[in-house]
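Here is a short walk through one structure. Keep the 3D view open and follow each stop in turn.

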Amino acid sequence: MGNLCTAGKSTPPEDAMARETSRLIDSTIARDKAGFEKRLSEKKVLLLGTGDAGKTTVLKQIRLMYGNAFTPDEIVEFRSALLLNAVTCGKCLEFAMRALRIPYGFDPSVVSTTALRGLDSLVQGSCEFSNENLGSKIAVADDISAQNMELHIKTLKMHPTALAAASRFKNDNPLPAAAQRIKDMKTVYGFTKNDFISPEVMNDLLWIWNDTGVQYHIPDVMNNLQRLCDPKFMPTVEDILHCRSQTTNVSETRVAIESRSCIIYDVGGQKSQRKKWAQCFDDVKAIIFVASLSGYDQGCVEDGSLNRMADSLNVFKSILNMPFFAKTDFVLFLNKIDIFQAKLERSPIHDYFSSFSGPNTFENGADFFIKKFKSLNLKEHRTIHVHLTFATNTSQISKVMKSVFYIILM
């Protein structure tokens, strides 16, 4: 006769396994629910714009503002990038001197004011450049590898003023040899964390930089060269903010702002990188679009015939009017206002945008481009929040970002 009492009876393995499975499922559901609620509370922000507009500099400033300090590994990577920047600057200077036919040793003090104005017109691109296309008068040093730039070198002719200065050039001046060595220097693989710029290369760069012809036309470049070339050099925050490196991947940065979380996605702005933008389009609260205000007289790196500002306007228009973003907040940064203001003294906006009229001033020029961007908005009731920015200036960009995040989190 069987025992009817169940006390002390062991649980079958199948039941124990079922209960454990049920517990795991409940735990997974709870975790997924918590993650879903967290994602709902997080604000997703896209940082978009065309190449070399300053997006990544804006992101660096955001990290510094909200406590996301750079890691030791990142600082070492910035060091390598800065060394490459220094050599690339030397190559660009050599390229520009050759393309613009400015002789090394040029001394503006020995040439008349009238003649200098003639040379300035050459530098601004009037010598044998066509005015028919927006991108025709471009800064030839922007992409030293572009084949179309090499074609311009062959067609440029020596200006009489430059020839006059060249007649005073001493044959024993070592600058051309230094320039040739920098031109021939291979930088395909960049610099590793243990590399440094040799004293010989530093001296060649300094020879180029200190040349009167270079200084006259390209002021305020590479002023920290000797410090960068020190084998013990490690970058400061200011160095990192000025470091130039191309974004090739999608980066995700989380910041906590007044106990609320934002995820900021930074993607490359070059044409070859824009196909990656689509993977970030879901559930976007706001888009910060960065355009270089100083790019009005420059060609794109990947296509020298296309004006940078025209490219920014085209990309902004396409993003702004996508159905994806019908309810998305749009913030426009017209960046590099410091360079823009300096350029206006020698580069008329009307030469590149024929619809521009009035004085060639900062206020009039900035207002002109603000209106051009705003005119692309096909949704009458949507506001585009526009800011004129100086991304490497921490004080200025911090005030702007506080205003922007107030809009995003409200």
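**From a helix to a sheet to the rings**

Begin with helix α8, whose buried residues are Val201, Met202, Asp204, Leu205, Leu206, Ile208 and Trp209. This is a predicted model. The helix runs over residues 199–210, 12 residues in total. From the first C-alpha to the last, α8 reaches 16 Å, close to the 16 Å expected at 1.5 Å a residue. An α-helix has 3.6 residues a turn, so residues three or four places apart point the same way.

Now move to the sheet. In what order do the strands of the open sheet stand? The order is β2-β3-β1-β4-β5-β6. That makes 6 strands, with mixed pairing. β2 (251–257) and β6 (384–388) each have a single partner strand, so one side of each is left without a neighbour in the sheet. These two strands stand at the edges. On average, neighbouring strands are turned by 20° against each other, direction ignored.

Look next at one pair inside this order. Strand β4 covers residues 286–292, and strand β5 covers residues 329–335. The two run parallel and are joined by 7 bridges. Ile288 stands opposite Val331 in β5.

Helices also meet the sheet. Helix α12, residues 308–320, lies across β1 (43–49), β4, β5 and β6. Its direction is at about 165° to β4. Helix α14, residues 362–374, packs on the sheet too, touching β4, β5 and β6. The direction of α14 makes about 155° with that of β6.

Turn now to the aromatic rings. How many aromatic pairs does the structure hold? There are 16. Take Phe324 and Phe325: their ring centres are 6.1 Å apart.

Another lysine, Lys44, lies over the face of Tyr265. Here the distance to the ring centre is 5.0 Å.

Terms used:
Residues are numbered from 1 along each chain as its sequence is written. This is a predicted model: local features need pLDDT of at least 70, side-chain atom pairs count only at pLDDT 80 or more; totals for chains, interfaces and linings use all residues. Side-chain values use heavy atoms; hydrogens and water are left out. Helices (H or I, at least four residues) and strands (E, at least two) are DSSP runs, numbered from the N terminus. The expected span of a helix is 1.5 Å times one less than its number of residues. Buried means under 20% relative accessible area, exposed over 50%, partly exposed in between (1.4 Å probe, protein chains only). Two strands pair if DSSP finds at least two bridges between them. Axes are lines fitted to C-alpha atoms, for helices over the stretch in contact, and angles run from 0 to 180 degrees between N-to-C directions. Contact means heavy atoms within 4.5 Å. Rings of Phe, Tyr and Trp (its six-membered ring) pair if their centres lie within 6.5 Å; planes under 30 degrees apart count as stacked, over 60 as edge-to-face and the rest as tilted. A charge sits over a ring if NZ of Lys or CZ of Arg is within 6 Å of the ring centre and within 35 degrees of the ring normal.
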